[in-house]
Amino acid sequence: MSRHSVATRRATSELCAYCSQPAETRDHVIPACFFPDPLPKDLITVPCCLKCNREFSFDDVWARNVINMRQDVAIQPRLDGVRKKMFANLAKPRSRKLNAMLVRLTQRRTVRLPSGLILPGQYVVNVDRQRLLRWCQRVLRGLYHHEHGYPMTPDLVTTVGFGEDHSEFVTECVSWLQPRLLRRAGDGIVAYKWVACPDMPEASVWCLEFYRCMVLLGFVHRPITTRNGARQSHEVDPKTDARVVRRPREGSDPPRD
Ligand SMILES: [Zn+2]
């Protein structure tokens, strides 16, 4: 039996890491387009349904492009192979929509580097941060499945941020992560670590790192219940970019994102 058919049979007996429907295929949690060719052998894959797999491809390429346009990523010579793939893809007619989006988001302005150096007339892409965070939430769901061997249950949601929340609670969560070692994949191009919350074992704190410089903090947790009974997930509505507030329906589980 070929490697592919073994992988397919294994996937069909499992549930999709993203929507918990029966899986017909496997998905690279960190998409293959994030890595130079030849692909590293240690890429993480999880069971995935065909519908989710098809829906992800545009966002995967978009996320790869915007992350690779970061200055601290763009200066890494070992990622030349990724940029080669990126520009080859952008040159294809099918990338017209993606190209138009990038042009629309690009501005020319003066940039101040962390060192204090001021560079006038630089081309800067204004990244849709909410969209990037939504993409990271999906990666977190994939990593959750990889670590646990099953999808997140419907009563759990994800929250991801760029580590800009310095509240006492978040600082404490980060301290739980500190003794944990980073697990690297894809020749070290991505890394993550996670820890279950001491008093809520169903909840966990995650650190995600891309290209050794873009670091995000993630949480898997139950939705927060507000005073009026609404359940707030911290996840973002893809259509409106508004925070999703879910009111529980009697006798039903909260819908997943
Ligand atoms: Zn699915």
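**View 1. Helix α6, end to end.** In this predicted model, helix α6 covers residues 129-148. How far apart are its end C-alpha atoms? They sit 28 Å apart, and that agrees with the 28 Å its 20 residues should span at 1.5 Å a residue.

**View 2. The buried run of α6, and what comes after.** Take a look at the residues along α6 that are buried: Arg 134, Trp 135, Cys 136, Gln 137, Arg 138, Val 139, Leu 140, Arg 141, Gly 142, Leu 143, Tyr 144 and His 145. Just past the helix comes Gly 149, with a positive phi of about 90°.

**View 3. Where α2 crosses α4.** Here helix α2 (residues 50-68) meets helix α4 (residues 80-90), with axes that come within 11 Å. They cross at roughly 125°, which makes α2 oblique to α4. As for handedness, α2 goes past α4 in a left-handed crossing.

**View 4. Who touches whom between α2 and α4.** Which residues does each helix bring to the contact? From α2 come Val 61, Arg 64, Asn 65 and Asn 68, and from α4 come Val 82, Arg 83, Met 86 and Asn 89. Sorted by class, that's three nonpolar, three polar and two charged residues.

**View 5. Stepping back to the whole chain.** Zoom out and you can find seven helices and 12 strands. Of the chain's 257 residues, 23% are buried. Count the contacts between residues at least 6 apart in sequence, and 52% of them join residues at least 24 apart.

Conventions
Residues are numbered from 1 along each chain as its sequence is written. This is a predicted model: local features need pLDDT of at least 70, side-chain atom pairs count only at pLDDT 80 or more; totals for chains, interfaces and linings use all residues. Helices (H or I, at least four residues) and strands (E, at least two) are DSSP runs, numbered from the N terminus. A residue is buried if 20 or more other C-beta atoms lie within 10 Å of its own, exposed if 12 or fewer, and partly exposed in between; C-beta atoms are placed from the backbone. Two residues are in contact if their C-beta atoms, placed from the backbone, lie within 7 Å. Axes are lines fitted to C-alpha atoms, for helices over the stretch in contact, and angles run from 0 to 180 degrees between N-to-C directions. Angles under 35 degrees count as roughly parallel, over 145 as roughly antiparallel, 65 to 115 as roughly perpendicular and the rest as oblique. A crossing is left-handed if the near helix is turned anticlockwise from the far one by less than a right angle, and right-handed if clockwise. Ala, Val, Leu, Ile, Met, Phe, Trp, Tyr, Cys and Pro count as nonpolar, Asp, Glu, Lys and Arg as charged, and the others, Gly among them, as polar. The expected span of a helix is 1.5 Å times one less than its number of residues.
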